[in-house]
Amino acid sequence: PGMWDRTITVSSAGKTFSATGWQVGWCIGPSNLISPIHQLLPYVQFCASTVIQEALARTLPKADEPYEGYDSYYEYLNSKYRRKRDLLGKGLKEAGFAIPDYDRTPGGGFFIFARITPELRRALPAERMGPEYTKNPAAPGGEARLDWALCQWMAEEKGVLCIPSSPFFSREKAMEGASDEFIRVAFCKTDETIESAAKALMGVRSNKALIGSALVEANAE
């Protein structure tokens, strides 16, 4: 009760309509919460493209219409990404990673936050946690911890590009090790790329050389 008065719903055309780079979205909420956003926007994005705004305005009503055998574009999109999430999740689990139980936890977005299990940590060559690799000015506090070490090793040796989780934590929490056991993997990819990545991931646990490569991570915006 009363959620409308204290809720802002934020949506992105880039995410919803796979139009990255448009830099156009919308907010819905009570006027007292939307008004400050109007005041802030000129200092964040001075002028949105009028053409893109018009395209989005025409697209929104069409998205409610039947699409590709679904009642609406939104239902199609939901089904499509659930399938891709489950396809990548299966590959991650078979490779030894732990993933969320999406029957019990939220599953929005295009990414899986996968846990690095003890088995996978043992597969990481010991020298990867040595000073030659752990000194990294891009990492929180200049120290690349387990999440960075595993992601760098997988990119260089296995052909799978993932993102360390520590940038999504505060510097203090990252330095305490709260993000050590997690990596972020994107599934907004073609099925062929996801399947190729799943095969490459199998080489992580066994630490076998990879033939070919599969890049599965990318910015979604």
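Arg58 and Glu54 are joined by a salt bridge, with 3.0 Å between the closest N and O atoms. The term salt bridge here means a side-chain nitrogen of Lys or Arg within 4 Å of a carboxyl oxygen of Asp or Glu. The two residues are four apart in helix H3 (residues 50-63), so about one helical turn separates Arg58 from Glu54. Helices (H or I, at least four residues) and strands (E, at least two) are DSSP runs, numbered from the N terminus. An α-helix has 3.6 residues a turn, so residues three or four places apart point the same way.

Arg58 is exposed at 57% relative accessibility, while Glu54 is partly exposed at 40%. Buried means under 20% relative accessible area, exposed over 50%, and partly exposed in between, using a 1.4 Å probe and protein chains only.

**Basis of the values**

The model is predicted: local features need pLDDT of at least 70 and side-chain atom pairs count only at pLDDT 80 or more, whereas totals for chains, interfaces and linings use all residues. Residues are numbered from 1 along each chain as its sequence is written, and side-chain values use heavy atoms, with hydrogens and water left out.

Lys90 and Glu94 form a salt bridge with an N to O distance of 2.7 Å. Both residues belong to helix H4 (residues 73-94), where they stand four residues apart, about one turn of the helix. Glu94 is partly exposed, at 38% relative accessibility, and Lys90 is also partly exposed, with a relative accessible area of 48%.

**A bridge between distant parts of the chain**

Another salt bridge pairs Glu157 with Arg128, the closest N and O atoms lying 3.6 Å apart. This pair links distant parts of the chain, 29 residues apart: Glu157 is in helix H7 (residues 146-158), and Arg128 is in the loop between helix H5 (118-123) and helix H6 (131-134). Arg128 is buried, with a relative accessible area of 5%, whereas Glu157 is partly exposed at 42%.

Across the whole structure, the search finds eleven salt bridges.

**Helix H2**

Helix H2 (residues 31-44) contains 14 residues and spans 20 Å from its first C-alpha to its last, close to the 20 Å expected at 1.5 Å a residue. The expected span is 1.5 Å times one less than the number of residues. H2 is hardly covered, with one buried residue among its 14.
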